[in-house]
Amino acid sequence: MIDVLYFAWVRERIGLPKERLDTGAETVAALVDELRAREERYAMAFSDLSALRVAVDQELTDFDAPLAGAREVAFFPPMTGG
Amino acid sequence: MSEEAGIRIVVQEAPFDFGAEADAFAAGRNDMGAVVTFTGVVRDVSGGLDGMEIEHYPGMTEKALAKIAAEAQARWSLGEVLVIHRHGKLAPGERIMMVATASPHRKDAFEAAEYLMDYLKSRAPFWKKESAGGAQSWVAAKDEDEAALRRW
């Protein structure tokens, strides 16, 4: 089981901030493929990965990152702090 | 809030007292010849901004800011480092955030403050949503913010 978190417009497109998933996905990219196949709102949110960033266990990483042992994956647009 | 090795990170919804924070920062250190402070303010570019809402990623935000601060400390000769960043609803003119650096030398204090700002703009998990005339829109990240990281 893995917690999947969504922030900013990704959260708005998918319609929830967080969900718990039972997945065998080995990488972030494989998880994204699973999510895209679920429903149109996921396909829309993940239509352009270049517009997204991902963190695994609260560390920024990339879409090739492995998910073995990960507890939390978060998807969000590029950050705008400051 | 985390406090380790002269690093203080504060992520909060409430406003902060810039004067009190600046006064307290590096107080009692007589080996720090330079203190640089920077404050970010909600700017109304078009004249029609009603306000802004800042979303963040609780847990990751504090970690990301502490990491950026630790990297600055490793890179320059620094004493204290302070980062305060707000989230939630803010009105035009309100202070969003503040960075302070203390160093024996002015160049280190200035450069470290700029480094902190450049990194926290695009590596700390905050997202801004502006409200203007009843419409809301997410602020897009700027290419130049990403480009700014390359100089370090």
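This is a predicted model: local features need pLDDT of at least 70, side-chain atom pairs count only at pLDDT 80 or more; totals for chains, interfaces and linings use all residues.
**Salt bridges within chain A**

Select A:D3 and A:R20, whose closest N and O atoms are 3.0 Å apart in a salt bridge. Because A:D3 belongs to strand β1 (residues 2-6) of chain A and A:R20 to strand β2 (residues 18-21) of chain A, the pair ties together parts that are 17 residues apart in sequence.

Next, select A:R41 and A:E39, where the two side chains meet in a salt bridge of 2.7 Å, taken from N to O. A:R41 counts as partly exposed at 28% relative accessibility, and A:E39 is partly exposed with a relative accessible area of 39%.

**A bridge between the chains**

Now bring both chains into view and select A:E59 and B:K67, which form a salt bridge with the closest N and O atoms 3.7 Å apart. A:E59 lies in strand β4 (residues 59-61) of chain A and B:K67 in helix α2 (residues 60-75) of chain B, so this pair joins two chains. A:E59 counts as partly exposed, at 40% relative accessibility, and B:K67 is partly exposed too, with a relative accessible area of 45%.

**The second largest pocket**

Keep A:E59 and B:K67 selected, for both are among the residues that line the second largest pocket, together with others including A:Q58, A:L60, B:Y119 and B:R123. This pocket holds about 240 Å³ of space. Which element gives the most to its lining? Colour α2(B), which contributes six residues to the lining of the second largest pocket, the most of any element. By class, the lining of this pocket has five nonpolar, one polar and five charged residues.

**A network in chain B**

Move to chain B and select B:R29, B:D31 and B:E80, which are linked in a network of salt bridges.

**The largest pocket**

Finish at the largest pocket, which has a volume of about 660 Å³. Of the 30 residues that line it, select A:G81, B:K121, B:K128, B:K142 and B:D145, which lie nearest its centre. Then colour α3(B), from which the largest share of this lining, four residues, comes. Sorted by class, the lining of the largest pocket has 13 nonpolar, six polar and 11 charged residues.

Definitions and conventions: Residues are numbered from 1 along each chain as its sequence is written. Chains are lettered from A and ligands numbered from 1 in the order in which they are written. Side-chain values use heavy atoms; hydrogens and water are left out. A salt bridge is a side-chain nitrogen of Lys or Arg within 4 Å of a carboxyl oxygen of Asp or Glu. Buried means under 20% relative accessible area, exposed over 50%, partly exposed in between (1.4 Å probe, protein chains only). On a 1 Å grid over the protein atoms alone, a cavity is a set of points where a 1.4 Å probe fits but cannot get out, and a pocket is an open set with protein on both sides within 12 Å along at least five of seven lines; lining residues have an atom within 4 Å of a point. Grid points are joined across faces, edges and corners, and a volume is the space filled by probe spheres set on the points. Ala, Val, Leu, Ile, Met, Phe, Trp, Tyr, Cys and Pro count as nonpolar, Asp, Glu, Lys and Arg as charged, and the others, Gly among them, as polar.
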